[in-house]
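Thank you for making time for this one today. Please look at the sequence and the structure together, and then I will walk you through a few parts of it.

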Amino acid sequence: MQQAKLIRTNGKVEDVQVDGLQSMQEFVGGYIEVLGVDENKFGVSVYINEEGRLDELAINMTACLWLMQNNMYPALEHPVHGDVLVLGASDEEGNNTNVPKDIDIPSLWKEPSFEIITDPELIEKMFGGAQ
């Protein structure tokens, strides 16, 4: 098993365990495609759903921003669709390795929050008396 990062389309970044091709496909929701990232330069392999764009999966803004910020991939020209799996660069035999511990993928996820408003004057001001 390899340690990996899963970048979800909702902005969450999760630590996950990858156990072969089937688990990689489960994480990205379909057949995998290797994104054109220079493994030797960046030390990572990036996997996406091969049909993500065709299936009109959501654009993964967190992954796109991370890839562009690190000059890994032209995600502005070719946005990444769907969840993204990040592993370490392949070893000499072509096997996946653990994602490097120093890889920092900032999460755009924010916990939803809300406030219950009970002040009648504030409700009136906000909604103009609409019931």
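Predicted model: local features only at pLDDT ≥ 70, side-chain atom pairs only at ≥ 80, totals over all residues.

I start with D83, which, leaving aside its neighbours within four places in sequence, is in contact (heavy atoms within 4.5 Å) with L6, I7, R8, T9, F27, V28, Y47, I48, N49 and N60. Residues are numbered from 1 along each chain as its sequence is written, and side-chain values use heavy atoms, with hydrogens and water left out.

D83 is found in the loop between α3 and β5, where helices (H or I, at least four residues) and strands (E, at least two) are DSSP runs, numbered from the N terminus. Is D83 buried or exposed? Its relative accessibility is 15%, so D83 counts as buried, the term being used for under 20% relative accessible area, with a 1.4 Å probe and protein chains only. The side chain of D83 makes a polar contact with the side chain of R8 at 3.0 Å, and the D83 side chain also reaches the backbone nitrogen of T9 at 3.0 Å. A polar contact here is a pair of N or O atoms within 3.5 Å; within protein, one must be able to donate a hydrogen and the other to accept it, and residues adjacent in sequence count only if both atoms are side-chain atoms.

Now to the sheet, which is open and has five strands in the order β2-β1-β5-β4-β3, with antiparallel pairing; two strands pair if DSSP finds at least two bridges between them. The edge strands, each pairing on one side only, are β2 (13–18) and β3 (32–34).

Strand β4, residues 44–49, pairs with β5, residues 84–88, in the antiparallel sense over four bridges, and V44 has G88 in β5 as its bridge partner. With β3, strand β4 pairs over three bridges, again antiparallel, and there V34 has Y47 in β4 as its bridge partner. Six of the six residues of β4 are buried, so this strand is largely enclosed by the rest of the structure.

Note on methods:
Buried < 20%, exposed > 50% of the residue type's maximum accessible area, 1.4 Å probe, protein only.
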